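I opened my notebook to look up a few spots in this structure. Here is what I went after, entry by entry.

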Amino acid sequence: MIKAVYSRFPQRVEAARNVTGKPLTLTEKILYTHLWNGEATSACERGKSYVDFAPDRVAMQDATAQMALLQFMQAGRKKVAVPSTVHCDHLIQARVGSSQDLSDALNKNNEVFNFLSSISNKYGIGFWKPGAGIIHQVVLENYAFPGGMMIGTDSHTVNAGGLGMVAIGVGGADAMDVMAGMAWELKFPKLIGIKLTGKLNGWCSAKDVILKVAGILTVKGGTGCIVEYFGEGAQSLSCTGKGTICNMGAEIGATTSTFGYDDSMERYLRSTGRPEVADLANSIREHLTGDAEVYANPEKYFDQVIEINLSELEPHLNGPFSPDLATPISKMKEEAAKNNWPTKVEVGLIGSCTNSSYEDIARSASLAKQVIAKNLKPKAEFSITPGSEVVRYTIERDGFIDTFNEMGATVYANACGPCIGMWARVGAEKKEKNTIVHSFNRNFQSRNDGNPNTLAFVASPELTTALAIAGDLTFNPITDTLINEKGEQVKLDPPSGDELPSKGFDAKDPGYQAPAEDGSGVEVNVSSDSERLQLLAPFSEWDGQNITGARVLIKAKGKCTTDHISMAGQWLRFRGHLDNIANNTLIGATNFFNGAQNSVKNQLTGAYDEVPKVQRAYKAGGVPTLVVGDQNYGEGSSREHAAMQPRHLGVRAILVKSFARIHETNLKKQGMLALTFSNDADYDKIQENDVVNFTDLVSFSPDKPLHLELVHEDGTKETIAVNHTYNAQQIEWFKAGGALNLIRKGLVH
Ligand code: MIC
Ligand code: SF4
């Protein structure tokens with residue numbers, strides 16, 4: 001497949017240069033070489049044109065693959081059309097340590113793992129067993145390749161940009177399209193260029209680059225954009241460091257991020273056993289990076305340019321509750337005091353898909369070593385979740401796990417664990433205000449341990465390790481000293497470690513299961529009384545009428561991420577059962593009218609009750625509803641459950657100030673109305689007891705706002721305009737009751 005991609009690459013790049021009449025960024029090269037219709041015949045308009053693409057591969061993780069594959073089952077295909085993989089990583093709870101936790105997870109999730117393994121076997125999908133590692137690390141180690149295009153049912157699919165891909169997070173319905181051999185549609189993105197100069201040194205690492213970028217661009221600054229990094233600073237970073245930067249690009253809402261092919265990528269490809277991919281990439285090297293003219297005059301070719309000097313960068317801590325709240329470590333004393341953040345660090349956690357490379361672990365281990373050598377006693381608990389079995393086996397062989405153990409660390413299974421709330425943290429149920437630091441990527445409220453009062457700060461693995469040793473959020477390892485067990489003042493030496501293992505990567509069993517050559521005889525069973533898996537029933541079609549007499553289920557106040565709409569943690573176990581998981585719908589969102597979570601007024605009774613219960617009552621009573629929200633609604637993950645659940649429960653429209661990209665697409669795909677206020681201030685006009693009538697849904701068409709009549713309790717009425725971004729095809733999805741219904745009917749091939 002890679003050979004085929006590379007053989008057409010130069011010619012397609014040339015065609016793109018011709019139609020655009022200018023030198024190209026790397027992003028444009030990858031996008032234009034992956035057009036569904038082949039060579040470019042006209043230029044795409046950034047931020048405007050909807051374009052059909054042909055991604056090279058699909059990756060899915062266990063928590064989202066269930067829904068993606070339940071949908072794929074309905075598409076009537078024999079096999080997936082492009083190479084696809086499933087990775088079991090989200091369903092393993094971190095409790096006591098890797099082997100016990102893994103065997104507990106195998107027991108608890110047996111039904112789901114069997115379903116995923118057999119459905120993968122049937123349809124020609126590669127299956128990575130529980131314990132093999134986290135999707136993005138495994139993809140980087142095995143499948144990512146420079147210049148390739150991939151989609152994945154997880155927002156951090158973007159991690160593969162570290163190896164020069166355009167890799168994009170999507171909902172399961174999008175993955176299904178590509179696996180079914182159909183085109184994948186994306187609005188041609190805008191381009192942000194980030195020029196990196198200088199070189200990282202001392203306590204700084206690649207993570208600090210993206211923590212800084214998140215501070216500059218905020219959680220929605222990257223929406224609709226692909227971020228391309230370049231410059232001598234970019235080339236000086238390791239390939240896995242680039243992966244970290246791209247990974248957390250999800251936290252600024254970017255469609256994805258990428259880097260041009262360079263020596264660091266070649267080293268990584270060779271070290272992970274893919275010399276032939278490196279040789280192939282070398283043969284078209286000049287096409288796998290942006291054109292020189294672009295990088296010499298970035299302002300001319302990118303929509304926005306940011307420059308960061310790595311030599312002047314400072315280690316950052318981002319948080320709490322939002323990954324863009326960036327504080328350089330030297331300012332933490334002031335900030336913590338000002339905001340009343342508890343400064344005692346209770347736990348430091350390293351690893352996750354963001355930061356569990358050999359280099360990350362080696363550098364953190366160099367700090368752990370100093371604990372013994374300098375007679376220190378770590379003040380906080382400390383844990384590691386390795387990203388893959390290959391990394392875990394290699395770091396064990398090279399002695400790092402022993403070093404961490406001497407420091408009193410817990411090594412959890414190669415899985416998402418605490419990052420996704422699969423963390424049986426002792427005492428979390430007391431809901432005490434406390435501080436933790438981790439090297440993951442997001443830190444929304446309640447995410448890690450379910451305690452809304454846990455303040456989670458995101459940092460590099462090195463800084464996380466140092467802060468766990470110091471037990472103090474304000475400890476600046478660059479300037480501050482610690483008192484050791486002998487009462488002496490000691491300073492930590494800056495971290496150091498190899499980028500790649502000098503003895504190479506290794507593993508006894510990486511955890512891969514290849515699919516059957518001919519899977520037609522493989523049976524996939526979903527038991528009708530299962531509480532974890534449920535076959536999908538088609539959603540109903542639009543009746544062609546204006547929606548009238550609608551009620552406001554909830555007007556969400558402030559941040560409403562997919563974690564607020566469909567919480568993970570303990571709810572992950574229902575990811576394959578739409579009706580059961582629907583019982584968590586919007587329970588994390590704050591009701592604007594009473595400031596409470598999971599308490600909304602049931603207009604049928606006048607009483608306040610839990611959101612899912614109230615919505616089920618409206619559904620039973622045939623009352624249409626809408627959900628109202630603020631900015632960047634649905635930011636965070638790719639989980640389409642956040643769109644399917646309201647749909648399943650009968651919500652008709654989501655009306656917000658703005659959407660995060662993946663969530664907006666997920667809503668459209670599932671046949672919902674995703675609408676934005678034409679005038680943000682109209683959010684304030686929505687009152688708790690309003691009745692809402694659509695006045696012109698019957699003439700729903702592209703580029704034409706819709707209108708809603710609000711009938712207030714006092715009898716007054718006002719009409720507001722709402723925008724949408726549906727194109728003609730997407731309007732068909734709405735009419736059919738969801739994109740899948742069109743495939744079911746054979747109307748789309
Ligand atoms: C996450 O980091 O929030 C997740 C869990 O990986 C999600 C996917 C999911 O909800 O299953 C993501 O980022 O897309
Ligand atoms: Fe897993 Fe966390 Fe990465 Fe999501 S961000 S894939 S939950 S490790």
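**Entry 1: salt bridges**

I began with the term itself: a salt bridge is a side-chain nitrogen of Lys or Arg within 4 Å of a carboxyl oxygen of Asp or Glu. I also noted that I'm working with a predicted model. The structure holds 36 salt bridges.

I picked Asp-104 and Arg-95 to start with. Their side chains form a salt bridge, with N and O 3.2 Å apart. Is Asp-104 buried, exposed or partly exposed? I got a relative accessibility of 21%, so Asp-104 counts as partly exposed.

Then I went to helix α17, residues 389-397. Glu-396 and Arg-392 make a salt bridge there, and their closest N and O atoms are 3.1 Å apart. How far apart are the two along the helix? They are four residues apart, so about one helical turn separates them. I jotted down the general rule too: an α-helix has 3.6 residues a turn, so residues three or four places apart point the same way. Glu-396 is partly exposed at 39% relative accessible area, whereas Arg-392 is buried at 16%.

My next pair was Asp-398 and Lys-503, whose side chains meet in a salt bridge at 3.8 Å, N to O. Lys-503 is exposed, with a relative accessible area of 61%.

I also found a network: Asp-263, Glu-266, Arg-270, Asp-279 and Arg-285 are joined by salt bridges that share partners.

**Entry 2: helix α11**

Glu-266 took me to helix α11, which covers residues 263-271. Which residues of α11 are buried? I listed Ser-264, Met-265, Glu-266, Tyr-268 and Leu-269. The cover over these buried residues includes α6 (135-142), α10 (239-247), β10 (256-259) and α12 (275-283). Just after the helix, Gly-273 has a positive phi of about 80°.

**Entry 3: ligand 1**

How many residues surround ligand 1? I found 14, and the closest are Asp-154, Ser-155, Arg-447, Ser-638 and Arg-639. By class, this shell has two nonpolar, seven polar and five charged residues.

I then checked the oxygen atoms of the ligand. A polar side-chain atom of Arg-447 is 2.7 Å from one oxygen atom of ligand 1. For Gln-61, a polar side-chain atom lies 2.8 Å from an oxygen atom of the ligand. Arg-575 also has a side-chain N or O atom 2.8 Å from an oxygen atom of ligand 1. Taken alone, ligand 1 exposes 330 Å², and the protein buries 97% of that.

**Entry 4: ligand 2**

What lies around ligand 2? The residues include His-90, His-136, His-156, Cys-353, Cys-416 and Cys-419. The shell around ligand 2 divides into four nonpolar, five polar and two charged residues.

Thr-33 is in helix α2, residues 26-33. At 5% relative accessible area, Thr-33 is buried. A polar atom of its side chain lies 2.8 Å from the backbone oxygen of Lys-29. Leaving aside neighbours within four places in sequence, Thr-33 is in contact with Phe-9, Arg-12 and Val-13.

Where is His-287? I found His-287 in the loop between α12 and α13 (292-296). His-287 is buried too, at 12% relative accessibility. Its side chain makes a polar contact of 3.5 Å with that of Glu-286. Not counting residues up to four places away in sequence, His-287 touches Phe-9, Pro-10, Val-13, Leu-26 and Lys-29.

**Entry 5: Gly-215**

My last stop was Gly-215, in helix α8 (residues 206-217). Gly-215 counts as partly exposed, with 33% relative accessibility. Beyond its neighbours within four places in sequence, Gly-215 is in contact with Asp-324 and Ala-326. I also checked Gly-215 against Gly-47: they are 168 residues apart in sequence and 23 Å apart in space, C-alpha to C-alpha.

Conventions
Residues numbered from 1 in each chain as written. Chains lettered and ligands numbered in written order. Predicted model: local features only at pLDDT ≥ 70, side-chain atom pairs only at ≥ 80, totals over all residues. Heavy atoms only, no water. Near = heavy atom within 4 Å. Polar contact = N/O pair within 3.5 Å; in protein donor to acceptor, adjacent residues only side chain to side chain. Areas by Shrake-Rupley, 256 points an atom, 1.4 Å probe, with all protein chains shown as cover. Nonpolar A, V, L, I, M, F, W, Y, C, P; charged D, E, K, R; others polar. Buried < 20%, exposed > 50% of the residue type's maximum accessible area, 1.4 Å probe, protein only. Contact = heavy atoms within 4.5 Å.
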